[in-house]
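Hi there,

Here is the structure I promised to pass on. Have a look at it first, and then read my notes below.

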Amino acid sequence: MNQRASRSPVLILVILVLCVSPVGAVAAEPAGRWVGSWNSQSTGHRGALRARIRQVDEDTYRAWFAGRFAVVVPFVYPAKLERVPGTSTRYRSDTRLPLMGNYRMTADIGGGQFRAVYHSRSDRGMFIMNRR
């Protein structure tokens with residue numbers, strides 16, 4: 001077998017891996033629509049959650065979160081997500097919300113998943129969403 005023929009299977013394998021595998025930070029792109037749930041670890045409340053996220057600049061995104069509290073009370077709030085320096089998939093948000101004070105969140109976004117922990121003066125919990 002000549003040298004050129006023996007390299008062909010390796011080249012084909014490399015091309016397939018590059019086409020199928022997510023590539024580093026690109027896979028962590030937060031922009032888009034997300035659906036999932038929120039869960040308060042303080043009160044035990046939980047509910048459906050959705051988000052729409054748009055890119056502002058290379059390290060900043062604007063998110064609109066919408067859900068329901070106690071099944072019937074709707075809520076919507078905006079948040080600015082800023083990439084944590086030195087990371088490609090971690091974002092932070094610090095938003096002032098009526099009745100809740102400062103609302104802080106740290107989110108890990110990658111592989112089609114959005115997982116975040118949040119806390120405020122009177123509540124703490126989690127967001128778990130998947131890309132829509």
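You'll find Ala70 in the loop between strand 3 and strand 4. Its phi is near 55 degrees, a positive value in a residue other than glycine. Val71 lies in the loop between strand 3 and strand 4 too, and has a positive phi of about 70 degrees although it is not a glycine. Val71 counts as exposed because its relative accessibility is 68%.

Before you go further, some ground rules. This is a predicted model, in which local features need pLDDT of at least 70 and side-chain atom pairs count only at pLDDT 80 or more, while totals for chains, interfaces and linings use all residues. Residues are numbered from 1 along each chain as its sequence is written, and side-chain values use heavy atoms, with hydrogens and water left out.

Now the overall layout. The protein has one helix and eight strands, and from the N terminus on the order is α-β-β-β-β-β-β-β-β. Helices (H or I, at least four residues) and strands (E, at least two) are DSSP runs, numbered from the N terminus. Of the 132 residues, 28% count as buried.

Next, the inside. The largest nonpolar core has 22 residues, and Phe65, Tyr77, Leu81, Met105, Phe114 and Phe127 have the most contacts inside it. A nonpolar core here is a set of buried Ala, Val, Leu, Ile, Met, Phe, Trp, Tyr and Cys residues joined through side-chain atoms within 4.5 Å. The elements giving two or more residues to this core include strand 1 (32-40) and strand 8 (124-131), and the largest share, four residues, comes from strand 6. In soluble globular proteins, nonpolar side chains tend to be buried together.

Which residues does Leu81 touch? Not counting residues up to four places away in sequence, Leu81 touches Ile53, Asp59, Thr60, Tyr61, Ala63, Tyr91, Arg92, Ser93, Met105 and Phe114. A contact means heavy atoms within 4.5 Å.

Asp57 is found in strand 2 and counts as partly exposed, because its relative accessibility is 39%. Its side chain reaches the backbone nitrogen of Asp59 at 3.0 Å and the backbone nitrogen of Thr60 at 2.9 Å. Over at Ser120, the setting is the loop between strand 7 and strand 8. Ser120 is buried, with a relative accessible area of 12%, and touches Met100, Asn102 and Tyr103, not counting residues up to four places away in sequence.

Last, the pocket. The lining of the largest pocket includes Trp38, Phe69, Tyr77, Met100, Tyr103 and Phe127. The largest share of that lining, three residues, comes from strand 4. A pocket is an open set of points on a 1 Å grid over the protein atoms alone, where a 1.4 Å probe fits, with protein on both sides within 12 Å along at least five of seven lines; lining residues have an atom within 4 Å of a point.

Happy browsing!

Key. Buried means under 20% relative accessible area, exposed over 50%, partly exposed in between (1.4 Å probe, protein chains only). A polar contact is a pair of N or O atoms within 3.5 Å; within protein, one must be able to donate a hydrogen and the other to accept it, and residues adjacent in sequence count only if both atoms are side-chain atoms.
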